[in-house]
Amino acid sequence: MKENDGKATRKTILQQLVIALLATSIVVVTVKRFGESNWHASSLRDEHNRADDTESKAAVANLADITAAEREGGNAAAVSPPAPVGDKTLVKFVFSNLDGEVGKEGEVIVRLKPEWAPLGVKRIQELTETKFWDECRAFRVLPRFVVQLGINGDPSVQKLWRGKFLEDDPVKASNTRGTVTFATAGPGSRTTQIFFNTVNNSRLDNDFVPFGEVESGMDVIDRVYSGYKGTVDQGNLQSLGNMYLKKNFPKLSYIKTAIFISG
Ligand SMILES: *[C@@H]1O[C@H](CO)[C@@H](O)[C@H](O)[C@H]1NC(C)=O
């Protein structure tokens with residue numbers, strides 16, 4: 001009896017191992033294919049300054065790099081961040097690695113404008129309250145255009161937010177230098193990615209609604225490292241997080257902390 005039981009157990013363990021191995025292979029293949037498709041989706045342009053209006057819009061359409069399929073699936077993901085309290089309209093971002101150099105820090109104060117974008121502001125407040133911004137790297141910096149960030153360095157955190165799409169706020173303000181705006185991949189696709197307009201990008205106004213404005217620290221935004229331009233693969237960043245960035249893009253500037261301050 002004992003021996004038979006032992007054999008049976010060994011056989012079961014072997015079966016489980018085979019199943020686990022199969023499952024792992026499927027996951028690996030899926031992740032790999034997903035990464036590749038994202039790579040193709042993010043054909044990036046650096047010559048936006050000289051590009052005509054249509055080209056610029058196409059470049060910005062890649063800002064969030066989200067496929068329709070993810071949008072469908074993502075809406076089910078539910079996290080309940082704490083409700084915004086009081087008038088939390090002033091956020092201080094401490095940036096680090098300015099000019100791509102360790103230890104160089106600076107502060108950027110952003111005034112949120114609920115009158116411009118009530119839904120957008122609410123999301124920014126939720127993200128600030130849950131410390132989402134900490135360690136977020138400015139992974140796409142196109143000189144004389146935008147400084148973009150808002151993919152969390154921890155893939156498990158990013159996964160919670162990635163599918164939480166916001167309805168659009170109607171257009172109120174213009175994307176002039178110093179305004180801050182959600183990146184999108186078309187209507188109803190705002191999640192967590194934002195960009196600072198570093199020049200007058202008013203040509204984006206039809207599709208991108210600013211939610212706030214830099215009150216002080218545009219000189220800091222201008223020192224966010226721009227040497228990698230648009231070469232970061234957003235698919236790899238989504239799945240591997242800051243491990244991918246630290247290894248391949250060590251000079252990226254990043255947000256050390258972001259907190260509400262009183263005005
Ligand atoms: C931004 O550019 C637009 C279009 O050229 C112009 O109408 C607007 O006055 C500019 N805004 C600022 C603040 O310079």
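Mentor: What follows goes from the whole chain to the sheet, then to its strands, the helix on it and the loops.

This is a predicted model: local features need pLDDT of at least 70, side-chain atom pairs count only at pLDDT 80 or more, and totals for chains, interfaces and linings use all residues. Residues are numbered from 1 along each chain as its sequence is written.

Confidence comes first. pLDDT is the predictor's confidence in each residue, from 0 to 100. The chain has a mean pLDDT of 80, and 67% of its residues reach 70 or more. Residues 1–9 have a pLDDT below 50, and beyond near neighbours in sequence this stretch has 0 contacts in the model. Two residues are in contact if their C-beta atoms, placed from the backbone, lie within 7 Å. Residues 64–77 also stay under 50 in pLDDT, but here the model has 27 contacts beyond four places in sequence. Where pLDDT is low, the predicted coordinates should not be read in detail.

Now the chain. It holds 8 helices and 8 strands. Helices (H or I, at least four residues) and strands (E, at least two) are DSSP runs, numbered from the N terminus. Of its 263 residues, 37% count as buried. A residue is buried if 20 or more other C-beta atoms lie within 10 Å of its own, exposed if 12 or fewer, and partly exposed in between, with C-beta atoms placed from the backbone. Among contacts with a separation of 6 or more, 75% join residues 24 or more positions apart.

Two strands pair if DSSP finds at least two bridges between them.

Take strand 3 and strand 4. They pair in the antiparallel sense over 3 bridges. R140 stands opposite Q148 in strand 4. The two strands form a hairpin with 3 residues between them, and R144 in the turn has a positive phi of about 55 degrees. From strand 4, V146 and Q148 point one way, V147 and L149 the other, and all are buried. Strand 4 is also joined to strand 6 (residues 194–197) by 4 bridges, again antiparallel. There V146 stands opposite N197.

Next, strand 1 and strand 2. They run antiparallel and are joined by 6 bridges. V94, in strand 1, has E107 of strand 2 as its bridge partner. V94 has 18 other C-beta atoms within 10 Å, so V94 is partly exposed. Beyond four places in sequence, V94 is in contact with E105, E107, I255, K256 and T257. V94 and Y254 are 160 residues apart in sequence, yet 8.5 Å apart in space, C-alpha to C-alpha.

The core comes next. The largest nonpolar core has 47 residues, and F93, A138, F139, V147, F211, V224 and I255 have the most contacts inside it. Such a core is a set of buried Ala, Val, Leu, Ile, Met, Phe, Trp, Tyr and Cys residues joined through C-beta atoms within 7 Å. Beyond four places in sequence, V224 is in contact with F95, L98, A138, V141, V147 and S253.

Last, the loops. Most residues other than glycine have a negative phi. D99, not a glycine, has a positive phi of about 60 degrees. D99 is in the loop between strand 1 and strand 2. E135 has a positive phi near 75 degrees and is found in the loop between helix 4 and strand 3. E135 counts as partly exposed, because it has 18 C-beta neighbours inside 10 Å.
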